[in-house]
Amino acid sequence: MTHETPEPTAQWDKVFPQSDAVDHEKVAFRTRFGITLVADLYKPKDARGQSPALAVAGPFGAVKEQSSGLYAQTMAERGYLTIAFDPSFTGESGGEPRCMNSPDINIEDFQAAVDFLSVRDDVDPGRIGIIGICGWGGMALAAAAADPRIRATVASTMYDMSRVAAKGYFDSADSAEERNRTRASVAAQRTADYRSGVYAMAGGVVDPLPEDAPAFVKDYYDYYKTPRGYHPRSLNSNAGWTVIGGSSLINATLLGCIEEIGSAVMIVHGEAAHSYYMGRDAFARLTGDNKELVTIPGAVHTDLYDGGGKNAIPWDRLTGFFDTRLA
């Protein structure tokens, strides 16, 4: 009902330049659902023995050639073996039909990445962390709550996708009536899709951009629809998700057990981000003295995708966090 999984390319097709300080290769691994995930692996050229490792994903609807790859390559320059992976049903990873998402499957994607890293001869299995960006920040916290092998987690410019799906932005649609209206709409779309044999699509960044678009929509456009971040496999850069794809998020509670995360967590968010309330509220629920909230003055949501031309990503803070927590 949707397009087929693309064959992984050996060509460098990232939205950021390749570093000459790290080695790069394509790798693949399987999830417990039998889906093959494709990832870019970045390794410091001078790495010897077993290295600490990081798995990176996000933003929600992006691909590894965008922000997650930049984070992975930069952290490899700083001494970590890293992978940036495409989640199930997206990018070069497997899963049919395409352009779907599932909270359970996406949390498993992170855990499968940890599986893959844990058995590599060049990785110290006791020193594995994860980075989740945007909607994958919430997925990262959920994965950290589920899997104690994850020793340290960074959630950067995070969304709680289940909160947004169930309550709307700023909890503006937090009522049973609104949720039931959404459920009815999705149910009707399922019938229509099944009848037509084609999944309706929605959610890609609007183009052309309306003059009266909210500021955060303009920020998304500036990343996903310009050479700064456009990528042909990115859902956000193009037609978006299937309309019915995220329906399970309405009934999910991604952050239900984050008070029980014993491992280290750093939440990094822009002070001017429309999503800041989600990072702030998630941090308030964390427990223990190994949790940090880093607020970047003046930064909007997408500034933490690639620095936004402002050097907004606090690379030294991230490196210090992982160096300490994965020691």
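By the rule applied here, the count comes to one cavity of 30 Å³ or more, where a cavity is a set of points, on a 1 Å grid over the protein atoms alone, at which a 1.4 Å probe fits but cannot get out. The structure is a predicted model, in which local features need pLDDT of at least 70 and side-chain atom pairs count only at pLDDT 80 or more, while totals for chains, interfaces and linings use all residues. Residues are numbered from 1 along each chain as its sequence is written, and side-chain values use heavy atoms, with hydrogens and water left out.

The volume of the largest cavity is about 60 Å³, a volume being the space filled by probe spheres set on grid points that are joined across faces, edges and corners. Its lining, made of residues that have an atom within 4 Å of a point, includes Gly58, Pro59, Pro87, Ser88, Trp136 and Trp241. This lining divides into six nonpolar, six polar and no charged residues; Ala, Val, Leu, Ile, Met, Phe, Trp, Tyr, Cys and Pro count as nonpolar, Asp, Glu, Lys and Arg as charged, and the others, Gly among them, as polar.

Two of the lining residues, Gly58 and Pro59, are joined by a cis peptide bond with omega about -5°. Pro59 lies in the loop between β3 (51-57) and α1 (67-77), where helices (H or I, at least four residues) and strands (E, at least two) are DSSP runs numbered from the N terminus. Of the 11 residues of α1, 10 are buried, so this helix is largely enclosed by the rest of the structure; buried means under 20% relative accessible area, exposed over 50% and partly exposed in between, with a 1.4 Å probe and protein chains only. Among the buried residues of α1 are Ser67, Leu70, Tyr71 and Met75, and the helix is followed by Gly79, whose phi is positive, near 110°.

The loop between β4 (81-85) and α2 holds Pro97, and the peptide bond from Glu96 to Pro97 is cis, with omega near -5°. Phe89 is found in the loop between β4 and α2 and has a positive phi of about 75° although it is not a glycine; with a relative accessible area of 10%, Phe89 is buried. Asn311, in the loop between α8 (303-306) and α9 (315-325), also is not a glycine and has a positive phi, of about 55°, but at 74% relative accessibility Asn311 counts as exposed.

Helix α2 (residues 103-118) contains Asp109. Asp109 is buried yet has no salt bridge, and the nearest side chain of opposite charge, that of Arg32, is 9.0 Å away. A salt bridge is a side-chain nitrogen of Lys or Arg within 4 Å of a carboxyl oxygen of Asp or Glu, and for charge Lys and Arg count as positive and Asp and Glu as negative, with His and the chain ends not counted. Not counting residues up to four places away in sequence, Asp109 touches Phe29, Thr31, Leu37, Phe85, Pro87, Ser88 and Trp136, contact meaning heavy atoms within 4.5 Å. Among these partners, Pro87, Ser88 and Trp136 also line the largest cavity.

The open spaces come next. A pocket is an open set of points with protein on both sides within 12 Å along at least five of seven lines, and the largest pocket holds about 920 Å³ of space. It is lined by 29 residues, of which Met161, Val164, Tyr169, Gly203 and Trp241 lie nearest its centre. At least two lining residues each come from α4 (161-167), α5 (176-196), β7 (201-203), α6 (215-224) and β8 (240-242), and α6 gives the largest share, four residues. The lining of the largest pocket divides into 20 nonpolar, nine polar and no charged residues. Phe216 is placed in α6 and, leaving aside its neighbours within four places in sequence, is in contact with Tyr169 and His274.

The second largest pocket contains about 280 Å³ of space and is lined by 16 residues, with Asp160, Ser162, Arg163, Lys167 and Thr253 nearest its centre. Helices α4 and α7 (276-285) each supply at least two residues of this lining, which divides into seven nonpolar, three polar and six charged residues.
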